[in-house]
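Thanks for coming. Please have the model open while I talk.

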Amino acid sequence: MSSRWIYPGRVTILRVFWLLRLPQLFCTCVAFSLVADMGIWRGAVGNWSMSFWCVCFTMTLIISTVELYRRRSYFPFFWHNISVTFACYAALICLSASIIYSITHVQFLPDGPYRDRAIAAMAFSCIASVLYVIEVTGMRAWYNLKEIFFYEHTMRALLKVLETFVAGVIFALLCNFSLYLQEPALEWCVAVYSICFFLAAVVLLLGLAEWEYTPPRPFSIFQLVLSLLSVLLYISALVLWPLYQFSEEFGGLPQRFMDESCVDGLSYDMCAWDQCLAVAVLTAINLLVYVADLGYWAGQVSGGTENVSRAPDSGQSHPVTSLSEDIL
């Protein structure tokens, strides 16, 4: 019996919607509205945070609509893996928006109603992040799907989520093309981020499609090779990016005050030097994640077996629903 054909009952779906999805929609909507009401005081980072809250709200609304109106069978992948994957990203997005917005913008705002709105928006964003984490950890128990393999509840899936998410934040910082254009070494770093993101995204999609069930041993070797390649590429980026951004010998700026865009201490936006530093830190973080991923797959290959749960009776394709599901 293929796990992608097992659906929870309507009562369970409604319970999850009222206790979890609706609060998620409320928190992301309130955070968006509070920052949007700040006008020019929200800054460029506020616009960035608003776009992320808008994405979380829209995707949560789509997922809720699909579940409430029984449209899960229209999707090619196992539906619950899709929704849990989104919840992982949404939790990271909301938490990151709260942290980045507070560090780069809110602390510079003067006391007053705009600062209060920003703090309230961060609070609602943090609450939304907690709600998404609860969804990730509780989906299997709430939907009574204990016999189903959840790809996102494995170490390798969580590492891929972290890899792609950190790369996404790096891409957001690299929207300032002046940071790396006309410098081949820095353009190579951007190519590294793009290549590794693409490889991690492909592997994540293959996992969601349960592709690894068929060839477990080759899949482990395939993952090991990709992880090793990504580690080597990120090492080159970790060396080249700080070298060309912060070394005077290579035209970089070793001190923050040397960057003209950082002279104004009350600037509400991240200056170029701050963006370069953030990219360097995130590069180091993602390298550590890739090293952990490499260690995981090295252990799988050296052990001779892969610790993967297989979908039961994948040859059968007839749909099965829970006894509590209502007939519409």
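Start with leucine 228, which counts as partly exposed because its relative accessibility is 42%, between the 20% and 50% cut-offs. Keep in mind that this is a predicted model. Leucine 228 sits in helix H7, residues 216-246. Together with Leu232, Ile235, Val239, Leu243 and Phe250, Leu228 forms a nonpolar patch on the surface. The accessible area of that patch is about 490 Å² in total.

Now the overall layout. The protein chain has eight helices and two strands. Along the sequence the order is β-α-α-α-α-α-α-α-α-β. The chain has 328 residues, and 47% of them count as buried.

One more residue before we go inside. Glycine 295 is in helix H8, residues 272-303. Glycine 295 is also partly exposed, at a relative accessible area of 45%. What lies 68 residues from glycine 295 in sequence, yet 8.9 Å away in space? That is serine 227, with the distance taken from C-alpha to C-alpha.

Next, the salt bridges. Side chains of opposite charge can pair when their charged atoms come close. The structure holds seven salt bridges, and I will take three of them.

Are the two partners buried or exposed? Glutamate 135 is buried, at a relative accessible area of 1%, and arginine 21 is buried as well, at 2%.

The next pair is glutamate 163 and lysine 160, whose side chains meet at 3.2 Å, N to O. Here both residues lie in helix H5, three residues apart, which is about one turn of the helix. Glutamate 163 is buried, with a relative accessible area of 0%, and lysine 160 is buried, with 3%. Going back to arginine 21, salt bridges that share partners join Arg21, Glu67 and Glu135 into one network.

The last pair I will show is arginine 115 with aspartate 111, where the closest N and O atoms are 3.6 Å apart. Aspartate 111 counts as exposed because its relative accessibility is 72%, and the cut-off for exposed is over 50%.

That leaves the empty space. Rolling a probe the size of a water molecule over the atoms shows where empty space is left. I will discuss the second largest pocket, which has a volume of about 500 Å³. Its lining consists of 21 residues. Nearest the centre of this pocket are Met59, Thr85, Phe86, Tyr89 and Ile93.

Which helices supply at least two residues each to that lining? They are H2 (43-68), H3 (79-104), H5 (155-173) and H6 (184-208). H3 gives the largest share, with six residues.

How does the lining of the second largest pocket divide into nonpolar, polar and charged residues? There are 18 nonpolar residues, three polar and no charged.

Technical notes. Residues numbered from 1 in each chain as written. Predicted model: local features only at pLDDT ≥ 70, side-chain atom pairs only at ≥ 80, totals over all residues. Heavy atoms only, no water. 1 Å grid on protein atoms, 1.4 Å probe; cavity = no way out; pocket = protein on both sides within 12 Å on 5 of 7 lines; lining within 4 Å. Points joined across faces, edges and corners; volume = space filled by probe spheres on them. Helix = DSSP H or I, 4+ residues; strand = E, 2+ residues; numbered from the N terminus. Nonpolar A, V, L, I, M, F, W, Y, C, P; charged D, E, K, R; others polar. Patch = residues over 30% accessible without salt bridge, like charges linked within 9 Å, V, L, I, M, F, W, Y side chains within 5 Å. Areas by Shrake-Rupley, 256 points an atom, 1.4 Å probe, with all protein chains shown as cover. Salt bridge = Lys/Arg side-chain N within 4 Å of Asp/Glu carboxyl O. Buried < 20%, exposed > 50% of the residue type's maximum accessible area, 1.4 Å probe, protein only.
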